[in-house]
Amino acid sequence: MSSSPSSLSARGGRLALLVVGLCWLAVLFDGLDMFIYGSVLPHLLETRTFGLTPDRAGDLGSYATFGMLIGALTAGTIADRIGRKKLMVSCVTLFSLASGLCALADGVAVFGLGRTLAGVGLGGLLPTAISMVSDYAPRGRGALVIGLLMTAHHAGGILSAYVAQWLVEPVGWRAAFWVCVLPLLFAPVLARFLPESLSFLVAKGRTEEARELAARYDVEVPAAKSAGAGAGERWTNLVSLFRGGEWTRTLLYWPASFGGLLLVYGVATWLPTLMRAEGYELGSALSFVVVFNLGGIVGMLVAGRAADRFGAPRVSAIWFALTAAGVYLLSVHMSMTVTMIVVFVTGVFLNSAQTMIYATVSIRSHPDNRATAVGWTSGIGRFGAVFGPWLGGRLLASNQGDWGFTAFALAGVVSMVFIGIAALRPPGTAAQDTPREQQLAAH
């Protein structure tokens with residue numbers, strides 16, 4: 001195999017471009033399917049589709065995030081059995097077909113089932129895609145490639161707003177979900193052109209296949225890793241999060257993550273509806289979704305650099321403080337220009353503040369249980385993701401919609417306080433730097 005840096009850059013770069021491009025499109029469709037419910041929700045409530053009420057709409061929003069929790073928790077185990085490529089194809093197929101079920105739904109029960117199944121596919125896709133691009137990223141460019149991949153999720157959110165704006169009023173809300181079925185046509189493309197994960201091939205003893213693929217594009221074959229930890233070792237790693245002084249850090253990280261994802265998914269679900277409640281037209285409310293996700297793209301690209309310079313916990317606390325202020329300001333009716341600026345800035349900080357929690361946990365954890373610490377922090381946060389859409393629905397159902405932005409802002413304050421206290425505590429002496437891709441993967 002050639003050791004020429006230019007050769008590695010050229011041929012390895014082509015493979016990275018192929019893998020990242022395919023995974024970026026898959027995550028784009030993931031974001032479209034995730035955000036489409038929030039984009040069509042104002043219309044569903046206005047037309048009382050299925051007799052939908054705000055509290056029931058909040059329940060439906062939580063179904064998808066609950067499905068994502070299941071998908072995220074099972075993705076690793078399934079990928080270890082069937083391979084990351086097959087799992088990605090399966091996830092795209094699942095959430096596409098589930099969107100078709102939503103489009104055909106004749107009642108809340110079928111629609112809710114469709115959103116839950118879509119959530120399972122959505123939750124399994126993102127961590128798998130991150131693992132795939134990590135395998136094929138050019139040497140020294142892993143964090144950059146992961147950051148670029150994460151922008152696809154927000155690009156999908158932007159696309160969802162345009163789909164709703166172009167189709168819901170003239171054609172109907174079902175058309176928006178039929179658009180979300182179109183990624184089904186992309187599944188065969190993934191199956192045909194996406195190479196299997198090199199790490200998976202090596203782990204399964206298919207080293208010759210891995211070497212042939214690596215030689216074709218002049219990339220390195222990953223080193224073989226020992227078998228995964230057994231159940232006993234996993235529980236030992238979990239218990240270690242509460243030994244000595246670790247328990248205080250753990251009990252700071254978990255509620256910070258819970259509040260952070262409550263805020264992220266609560267705002268993602270209810271932003272258009274809450275903006276309509278503030279007196280904006282549907283078109284304007286959907287424009288806020290576009291601006292919000294543009295801010296998210298910018299935030300993902302700048303947060304890591306800020307954390308490298310000023311420290312992840314400090315940046316996370318500041319980010320949450322600014323997010324809380326921005327979300328609260330959205331409850332005040334301002335001029336369109338000012339509101340757009342506030343929505344953009346809020347998107348910059350909100351969508352990357354949670355990532356900085358994972359960065360803090362990853363950097364400050366002992367290498368032996370770092371994966372457990374990040375995984376459980378992410379898992380506890382997922383319960384906040386389920387609770388956020390439900391909370392927004394309950395507030396609107398009780399005619400307390402004006403408190404929606406205030407409640408989400410308070411969640412940001414809670415996360416700011418807990419991660420801020422963590423920032424004041426000195427890091428553990430055993431912690432070491434870790435690649436940023438692990439920090440981003442937990443989101």
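Mentor: First, a term: buried means under 20% relative accessible area, exposed over 50%, and partly exposed in between (1.4 Å probe, protein chains only). This is a predicted model: local features need pLDDT of at least 70, side-chain atom pairs count only at pLDDT 80 or more, and totals for chains, interfaces and linings use all residues. Residues are numbered from 1 along each chain as its sequence is written, and side-chain values use heavy atoms, with hydrogens and water left out.

Trainee: Is Cys 180 buried or exposed?

Mentor: Buried, at 1% relative accessibility. Cys 91 is buried too, with a relative accessible area of 7%.

Trainee: New topic. Which residues make the nonpolar surface patch?

Mentor: Leu 148, Leu 294, Val 298, Leu 301, Val 302, Ile 341, Phe 344 and Val 345 make a patch of about 600 Å². Areas come from the Shrake-Rupley method with a 1.4 Å probe; for residues, only the protein chains shown count as cover. Nonpolar side chains (Val, Leu, Ile, Met, Phe, Trp, Tyr) are joined within 5 Å, like charges within 9 Å.

Trainee: Which helix gives the largest share?

Mentor: α12, with four residues. Helices are DSSP runs (H or I, at least four residues), numbered from the N terminus. Leu 301 is in α12 and is partly exposed at 43%.

How values were computed: Patch = residues over 30% accessible without salt bridge, like charges linked within 9 Å, V, L, I, M, F, W, Y side chains within 5 Å. Salt bridge = Lys/Arg side-chain N within 4 Å of Asp/Glu carboxyl O. Helix = DSSP H or I, 4+ residues; strand = E, 2+ residues; numbered from the N terminus.
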